[in-house]
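Please view the model before reading on.

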Amino acid sequence: MSNDKAPSPHRGTFTTTVPGIARIGANRELKRAVEAYWAGRTDAANLKQVADSIARDSWNQLVRNGFDSVPVNTFSYYDHMLDAAVMLGALPPRVASITDPLDRYFAAARGNDTVAPLEMTKWFDTNYHYLVPEIGPETSFALDASTVLGAVADAQALGIPARPVIVGPITFLALSKTVGDDAEAVSISPLARIDELLPLYVDLLAQLAAAGVEWVQLDEPTLVTDQAEGLAGLAERVYRALSESTDRPKLLVQTYFGDARDRLAALGRTGIDGVGVDLIAGSADSIRDAQLTGKHVVAGVVDGRNIWRTDLHAALETLRELRPHVGSLAVSTSCSTLHVPYTLRGESQIDDALYGWLAFAEEKFAEVGALSRALLHGEADQEPQFTASRTALLSRTTDPRLHVPAVRERLTGLSSSDWTRADAAVRREAQDAALPLPILPTTTIGSYPQTVEIRRARSALKNGTIDAATYRARMEQEIAQVIALQEKVGLDVLVHGEPERNDMVQYFAEQLDGFAATANGWVQSYGSRCVRPPILFGDVARPTPMTVGWTTYAQSLTNRPVKGMLTGPVTIIAWSFVRDDQPLAVTANQVALAIRDETVDLERAGVPIIQVDEPALRELLPLRTADRAAYLDWAVRAFRLSTAGVEDTTAVHTHLCYSEFGDVIGAIAALDADVTSIEAARSHMEVLDDLNDAGFAAQVGPGVYDIHSPRIPSIDEITTSLREALGAVSANRLWVNPDCGLKTRRTDEVVVALKRMVAAAVAARAEVAAPVA
């Protein structure tokens with residue numbers, strides 16, 4: 001057996017840390033404070049008090065767990081990439097006239113009546129959304145280190161061993177976009193301007209050194225991707241330059257979400273002092289191959305993205321094996337705990353067996369601490385924690401909910417016909433005959449505003465102050481109001497508005513076998529938007545219909561067609577914490593069969609259009625190009641399995657958003673949906689060119705109203721968007737709709753925006769029908 005006793009860490013290094021921490025607050029304090037500020041119910045001083053309290057509580061929690069290096073500057077009012085843009089003087093010129101810094105910040109994030117916001121897309125392959133910095137010819141980088149220095153000073157005043165965390169220069173530019181009127185200039189990657197940033201980072205490091213900072217962390221998750229060519233050489237050049245600065249703290253370059261491979265070796269050849277590695281998504285072999293014997297390695301052996309308890313014995317063995325290959329070693333999570341809930345405390349509705357399998361952020365901090373102490377003092381020093389880990393692992397292997405024979409037999413009994421429908425042209429002809437619609441038909445994506453009354457009714461049902469019949473009556477009242485609103489606005493295809501749904505994934509998870517819901521398992525999705533991902537722990541099946549009653553009730557109130565609204569299998573697993581004991585493809589097919597049962601029941605109930613949303617299709621796309629074909633194959637097959645049970649006359653719609661779609665255009669076509677609605681408002685219809693280049697021939701609804709901003713577009717703006725769309729898509733293929741569901745908007749905003757959208761569609765129809773002079 002390996003010797004449990006470790007040598008003392010190198011002087012000036014640390015043993016126990018985490019790359020980053022959540023910032024919304026254990027009870028979503030930030031969400032409430034920020035939204036109160038936006039609504040004018042509180043001021044900037046009160047908002048800062050809440051922010052300071054959240055950061056201080058998180059730092060103290062890590063210290064209590066024995067962490068000897070604490071990440072600071074991880075807090076954000078909205079998004080860390082936006083924070084980096086502010087620090088580097090890279091906000092778009094359109095917000096420059098806003099004099100108040102906080103209002104200027106939020107205008108870039110959300111827009112306002114006169115300013116369009118930055119684009120938003122997914123942070124690598126997670127469910128977090130970041131704001132995309134814009135780098136144009138007028139961008140003149142300039143350093144403002146006040147926020148970073150303020151966080152350091154606050155932590156130091158509390159005696160916190162602070163390690164400021166900053167987005168690294170490669171990742172900042174790689175995730176930005178070039179903007180401008182010159183098409184040739186726009187085609188050049190922002191990375192071409194890396195040399196303009198390096199002096200700013202040198203200056204920043206000097207200021208941090210002067211402030212007494214011992215270590216600084218530069219986050220470079222781009223180094224685990226294929227996002228740009230020559231990343232190994234670029235990483236070596238950039239970090240050789242930064243490490244040669246004579247006036248700097250120790251440099252830790254942190255990677256996560258994958259295996260940095262040859263980029264680790266490149267970093268090892270520079271003068272940086274440490275590297276952070278994800279040993280859940282990556283491999284310890286890369287560390288061995290990189291010759292890091294002179295570096296401090298922060299080993300992410302506890303999963304920072306999923307919620308399963310760590311196999312402490314296996315993690316400790318990995319750490320022991322790494323010792324001869326590194327200069328010194330610290331224990332950490334694989335990435336920031338931004339992606340998991342705060343704590344299991346209070347989750348009393350989770351059964352004892354499942355509870356024992358789980359570890360949220362607080363529990364992960366304890367696991368990191370236990371592993372660090374075991375590495376230093378031997379496993380026996382942490383025997384209770386290791387025993388609990390072994391017990392939980394054994395319990396998962398024997399629980400019957402994880403292997404349900406009926407579910408397994410149904411999967412093995414599938415044939416090739418279960419994944420296919422008739423040719424798209426045949427389906428279009430049958431659907432046009434069954435349900436004639438005007439040219440440029442108008443619709444919405446699904447959800448309508450979740451009003452205070454809806455939330456109160458849901459809470460009252462939960463705490464038992466109203467019964468199920470009263471709750472249903474109140475939801476039916478909401479549905480009736482939404483149907484009446486849509487008829488008044490003039491939409492062609494209606495939805496029931498989803499008042500009964502707390503979340504587009506959680507709603508289904510609460511009705512499917514194999515899932516569990518949390519009471520307070522909130523994580524940040526973007527800005528003040530938080531979600532409670534369900535836990536997919538066992539084999540999945542649908543006991544009873546989930547949406548049929550609500551949809552048929554809505555259809556009974558109108559003569560216009562009502563879409564049935566479902567969430568697709570890939571999105572359900574992407575937005576859940578998913579079991580890690582079988583391939584994702586198997587789990588996706590189990591969910592797909594449950595959704596298939598629902599589509600068939602909706603069709604039998606007379607629903608003519610069924611929308612199966614897959615906004616997360618790109619989210620799970622592997623970060624390395626070589627791994628993508630296999631993922632897209634099973635993801636597409638899962639969607640088709642979920643939708644191929646209906647007749648040709650039933651139109652299958654899907655919806656995608658939050659993404660840069662170029663990498664998955666072929667897969668979007670392969671979904672074989674009859675209509676695809678897609679986010680396009682912030683990107684000005686750019687996605688349509690990608691679709692055309694890929695030979696996409698189905699109907700499409702590029703969004704013309706950005707619902708993630710309070711800004712309501714004018715009729716002229718929407719008309720212009722439709723003209724741009726008609727320049728790329730024939731009128732008989734084009735639908736008119738918002739970017740996404742309307743859940744987060746106010747009803748008064750929605751009414752105005754939809755009226756303008758319909759007016760623009762009517763005007764566009766007239767232009768299309770007008771004879772050419």
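How many cavities of 30 Å³ or more does a search of the whole structure find? The model is predicted, and the search finds seven of them.

| Cavity | Volume | Lining by class |
|---|---|---|
| Largest cavity | about 420 Å³ | 13 nonpolar, twelve polar and six charged residues |
| Second largest cavity | about 70 Å³ | six nonpolar, three polar and no charged residues |

The lining of the largest cavity consists of 31 residues. Nearest the centre of the largest cavity are Ser447, Met504, Arg529, Cys740 and Lys743. Strands E13 (523-526), E14 (529-531) and E16 (563-567) are the elements that each give two or more residues to this lining. E16 contributes the most, with three residues.

Around the second largest cavity the lining residues are Ile21, Ala22, Ser58, Gln61, Thr337, Val340, Tyr342, Ala361 and Phe365. Two or more of the residues in this lining come from helix H2 (44-64), and two or more from H14.

Helix H14 (residues 361-377) also packs with helix H12 (residues 312-322), at an angle of about 50 degrees and with the axes 10 Å apart. H12 is therefore oblique to H14. The crossing of H12 past H14 is right-handed. From H12, the residues Leu312, Ala315, Leu316, Leu319 and Arg320 meet Glu367, Leu371, Ala374 and Leu375 of H14. Seven residues of this contact are nonpolar, two are charged and none is polar.

How values were computed: Residues are numbered from 1 along each chain as its sequence is written. This is a predicted model: local features need pLDDT of at least 70, side-chain atom pairs count only at pLDDT 80 or more; totals for chains, interfaces and linings use all residues. Side-chain values use heavy atoms; hydrogens and water are left out. Axes are lines fitted to C-alpha atoms, for helices over the stretch in contact, and angles run from 0 to 180 degrees between N-to-C directions. Helices (H or I, at least four residues) and strands (E, at least two) are DSSP runs, numbered from the N terminus. Angles under 35 degrees count as roughly parallel, over 145 as roughly antiparallel, 65 to 115 as roughly perpendicular and the rest as oblique. A crossing is left-handed if the near helix is turned anticlockwise from the far one by less than a right angle, and right-handed if clockwise. Contact means heavy atoms within 4.5 Å. Ala, Val, Leu, Ile, Met, Phe, Trp, Tyr, Cys and Pro count as nonpolar, Asp, Glu, Lys and Arg as charged, and the others, Gly among them, as polar. On a 1 Å grid over the protein atoms alone, a cavity is a set of points where a 1.4 Å probe fits but cannot get out, and a pocket is an open set with protein on both sides within 12 Å along at least five of seven lines; lining residues have an atom within 4 Å of a point. Grid points are joined across faces, edges and corners, and a volume is the space filled by probe spheres set on the points.
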